[in-house]
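Subject: Structure for your review

Dear colleague,

Please find below the structure that I am handing over to you.

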Amino acid sequence: MPQHTSPPSPTAAGHSAWLHQAIDRIEADYQRSADTHLIPLPLPRFAQVGIDLYLKDESTHPTGSLKHRLARSLFLYALCNGWIGPQSTIVEASSGSTAVSEAYFARLLGLPFVAVMPRSTSPEKIALIEFYGGRCHFVQQAGQVYDAARQIAAETGGHYMDQFTYAERATDWRGNNNIAQSMFTQMQRERHPIPRWIVVGAGTGGTSATIGRYVRYQRYATELCVADPEGSVFADYHRCGDAGLSAPGSRIEGIGRPRVEPSFVRTLVDRMEVVSDAQSIAAMHALSQLLGRRVGPSTGTNFVAMLRLAQHMQAQGEQGSILSLLCDAGERYLPTYYNPQWLAGHIQTCEASARQIQELIV
């Protein structure tokens, strides 16, 4: 279970004042931030038959990714539950964008932050976490991060944020300008304002849970598709419902998991699309050329699922819009997914996938 300890406080009144100040700082940070852009994708093949594709650009958050929203929600959730105090050490099991964003908010509140991660984590991600004042604690195997994070939280009298448990409940899915509400607001003046499909990846499952619940709450005729990279357990879990399943794990950073995480709510997902690593990388490069800027590999995974759905709609004679996320910028992945030498050692050849995708976007 997630680790909570009673936050130390000299007096109840003193802790209440600190809590109010902490929430004020996070809300002020939010007030200073503009909403992220909605980008239409110019794909004539589909547009001419009434199918429009869009990406919501989450790379423009202060910490550069979709996980900025999650980190803000997790901090507010923990603060309002009384799990964080003025002396708390914040601990998270993450080697990626969540840790970067949580380090940002911990620094905003003047709290120490520890990210527990595999020793194989890239130097670039480590540097980003340390830039925001975080400390990195390394374990040998990815599966060891959970227990190590709990142990550090217990030893420091701190709080283990546990994104994989709390992502689906920390965000107010009914509204409050969450990502789903923002999407539908920005779509209001488009040709097809209510999307036929929304496509997301799943790491914790928090984003798919928020969007799935919001769509049902608002009674929209929108379906939710999760793009799952090869090696992830979520597609198999969605099919059979066995939470004890495991898988090798994903090579697409930020999405897919080797185990079923508590925040992935399978009943909210209408369709799963399994995407190979080669397809994800080929789509990442194709989309980068289309936009004139680099995107990350998980955005490539999303793009593959969008193109499949667009093909299916075209074959069925359907019109409508498909909306997904630009999760983060590609500059974070220059030494890896944009490096031909790295790709040659980690991902199968992408040439055939690249040709298939290019045929759909010209």
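The notes below cover the sheets, a pair of helices and the cavity.

This is a predicted model, in which local features need pLDDT of at least 70 and side-chain atom pairs count only at pLDDT 80 or more, while totals for chains, interfaces and linings use all residues. Residues are numbered from 1 along each chain as its sequence is written, and side-chain values use heavy atoms, with hydrogens and water left out.

Sheets

Helices (H or I, at least four residues) and strands (E, at least two) are DSSP runs numbered from the N terminus. Two strands are said to pair if DSSP finds at least two bridges between them.

Trp197 has Ile322 in strand 10 as its bridge partner.

An open sheet of four strands has parallel pairing and the order 5-4-3-6. Its edges are strand 5 (135–139) and strand 6 (159–160), each with a single partner strand, so one side of each lacks a neighbour in the sheet. Strand 4 (residues 113–118) pairs with strand 5 in the parallel sense over five bridges, and Val114 stands opposite Arg135 in strand 5.

Helix pair

The axes of helix 3 (residues 67–80) and helix 7 (residues 163–170) come within 9 Å and cross at roughly 90 degrees. The two helices are therefore roughly perpendicular to each other (a label for angles of 65 to 115 degrees). In contact (heavy atoms within 4.5 Å) are Leu70, Ser73, Leu74 and Tyr77 of helix 3 with Gln163, Tyr166, Ala167, Arg169 and Ala170 of helix 7.

Cavity

A cavity is a set of points on a 1 Å grid over the protein atoms alone where a 1.4 Å probe fits but cannot get out; lining residues have an atom within 4 Å of a point. The count is one cavity of 30 Å³ or more. The largest cavity holds about 30 Å³ of space, a volume being the space filled by probe spheres set on the points. Its lining consists of Ile198, Ile211, Val215, Arg216, Thr222, Glu223, Leu224 and Asp270. Helix 9 gives the most to this lining, with three residues.

Notes
Axes are lines fitted to C-alpha atoms, for helices over the stretch in contact, and angles run from 0 to 180 degrees between N-to-C directions. Angles under 35 degrees count as roughly parallel, over 145 as roughly antiparallel, 65 to 115 as roughly perpendicular and the rest as oblique. On a 1 Å grid over the protein atoms alone, a cavity is a set of points where a 1.4 Å probe fits but cannot get out, and a pocket is an open set with protein on both sides within 12 Å along at least five of seven lines; lining residues have an atom within 4 Å of a point.
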